[in-house]
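Here is a walk through one protein model, from its overall division down to single contacts. Keep the structure open as you read.

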Amino acid sequence: MEQEKVIQIKDLKVYYKKNNSYLRGKNRHMVIKGISLDVYEGEILGIAGESGCGKSTLAKAIVGMNKEIDGEIIQKYSDAQMVFQDPYSSLNPKKKIGWLLKEPLKVDRYKKWTSEEMEQRAKEIMQAIGLPLELLDRYPSQLSGGQRQRVSIGVALMRSPKVLIADEPVSALDVTIQAQILELLRTLHKEMGITILFISHDLRVIYQLCDHVAVMNGGIIKEYGVPKEIYRRPKSEYTMELLKAAGIR
Ligand SMILES: Nc1ncnc2c1ncn2[C@@H]1O[C@H](COP(=O)(O)OP(=O)(O)OP(=O)(O)O)[C@@H](O)[C@H]1O
Ligand SMILES: [Mg+2]
C-alpha cells in the first residue's frame with residue numbers, strides 16, 4: 001500500500017529580513033534555499049544538520065511561524081504542533097502546569113471544552129507523559145528539566161494533533177534524561193500513531209528513532225533516505241563528515 005503523505009513541501013524558500021539594509025528588495029536573505037520533502041503518515045522523520053543550517057526555520061515554516069516564503073507546503077491536517085528546544089523558556093513561568101496544559105483547549109477552534117473536560121484531558125495527558133498528578137499544581141520553576149520537557153510535549157499533545165514537530169527536544173537535557181524523553185516520544189508514536197518530525201544534530205539519536213532522515217546543509221537537503229542505508233553508504237561528502245564527527249564512521 002502506498003503510504004499517505006501528511007506534509008508535502010515543494011521547492012520551499014524561506015527569507016529573513018536583514019535589519020541593517022536601506023535598500024528595498026535587497027533587504028532579505030534566503031535561509032531555506034529550495035527544499036522539497038515528503039512526510040509520510042505515521043512515520044518519524046529526522047531532520048539532521050549542523051547549527052545554523054536552517055532546521056528550526058524549516059520547522060517554523062511548517063507551523064506557519066515564518067511568513068516570508070516561496071513554494072508550497074501542502075498539509076493533510078492543519079494541526080501540527082511544535083515542541084521547542086528549550087523547556088525553560090517555552091513555558092510561561094507565571095502559570096501552573098495545569099493551567100499551561102489547559103491553555104490550548106481554551107483556544108480550540110473546533111471544540112468548546114467544559115472545565116471538567118479540560119481537567120480530565122489534563123490528567124490523561126499527565127499520565128501519557130509519565131508525570132504524577134500533583135505536579136499539576138506546581139510552577140515550571142518547581143520542576144526538573146526533564147519534567148519540564150515532558151510538560152512541553154504534553155502541551156503540544158493536548159488537542160491530539162496528527163503531527164508533532166520536535167525541534168531538538170532533548171539537546172538541553174543530560175544524557176539519562178534524554179533517553180527517557182526519547183523513550184516517551186517512541187511510546188507516544190506507537191500508542192497514538194502520531195507522525196513526528198524530529199529535529200536533531202545528533203545522528204546517533206536519529207538512527208535509533210527515525211524511519212527516514214533528511215540531512216540538511218546551508219538551507220538545502222543534501223541527502224535523504226533510510227538512516228541505516230545512509231549511514232552505511234553516505235552519498236554526500238557532507239553526510240560523511242557529519243558521521244565522522246559523530247564518531248559513527
Ligand atoms: N529571526 C531571524 N532573523 C534573521 N535571521 C535568522 C532568524 N532566525 C534564524 N536566522 C538565521 O537563519 C539561519 C538558520 O537558522 P536556524 O535557526 O533555522 O538554524 P538551525 O539549523 O535550527 O540551527 P541550530 O541547530 O543552532 O538550532 C541562521 O544563519 C540564522 O542566523
Ligand atoms: Mg534550531
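The protein is divided into domain 1 (1-80 + 164-249) and domain 2 (95-160). These bounds come from an automatic or database domain assignment. This is a predicted model, in which local features need pLDDT of at least 70 and side-chain atom pairs count only at pLDDT 80 or more, while totals for chains, interfaces and linings use all residues. Residues are numbered from 1 along each chain as its sequence is written, chains are lettered from A and ligands numbered from 1 in the order in which they are written, and side-chain values use heavy atoms, with hydrogens and water left out.

Start with the domains. Taken over C-alpha atoms, the centres of domain 1 and domain 2 are 26 Å apart. Their contact takes 13 residues from domain 1 and eleven residues from domain 2. Contact here means heavy atoms within 4.5 Å. About 920 Å² is buried between the two domains, and carbon and sulfur atoms give 74% of that area. Buried area is the accessible area (1.4 Å probe) that two parts lose on being put together, summed over both.

How many salt bridges are there between domain 1 and domain 2? The count is zero. A salt bridge is a side-chain nitrogen of Lys or Arg within 4 Å of a carboxyl oxygen of Asp or Glu. The structure as a whole holds eleven. One of them joins the side chains of Glu-41 and Lys-76, at 2.7 Å from N to O. Glu-41 lies in the loop between strands E2 (28-40) and E3 (44-48), and Lys-76 in the loop between strands E4 (69-75) and E5 (81-83), so the pair ties together parts 35 residues apart in sequence. Strands (E, at least two residues) and helices (H or I, at least four) are DSSP runs, numbered from the N terminus.

Now look at a helix pair. Helix H2 (residues 97-106) packs against helix H4 (residues 145-157) at an angle of about 30°, with the axes 7 Å apart. That makes H2 roughly parallel to H4, a term for angles under 35 degrees. Ile-97, Leu-100, Leu-101 and Pro-104 of H2 meet Val-151, Gly-154 and Val-155 of H4. Six of the contact residues are nonpolar, one is polar and none is charged; Gly counts as polar.

Finally, take Val-155, in helix H4. Leaving aside neighbours within four places in sequence, Val-155 is in contact with Leu-91, Leu-100, Leu-101 and Pro-104. Leu-91 is 64 residues away along the chain, yet the C-alpha atoms of Val-155 and Leu-91 are separated by 9.4 Å.

Technical notes. Axes are lines fitted to C-alpha atoms, for helices over the stretch in contact, and angles run from 0 to 180 degrees between N-to-C directions. Angles under 35 degrees count as roughly parallel, over 145 as roughly antiparallel, 65 to 115 as roughly perpendicular and the rest as oblique.
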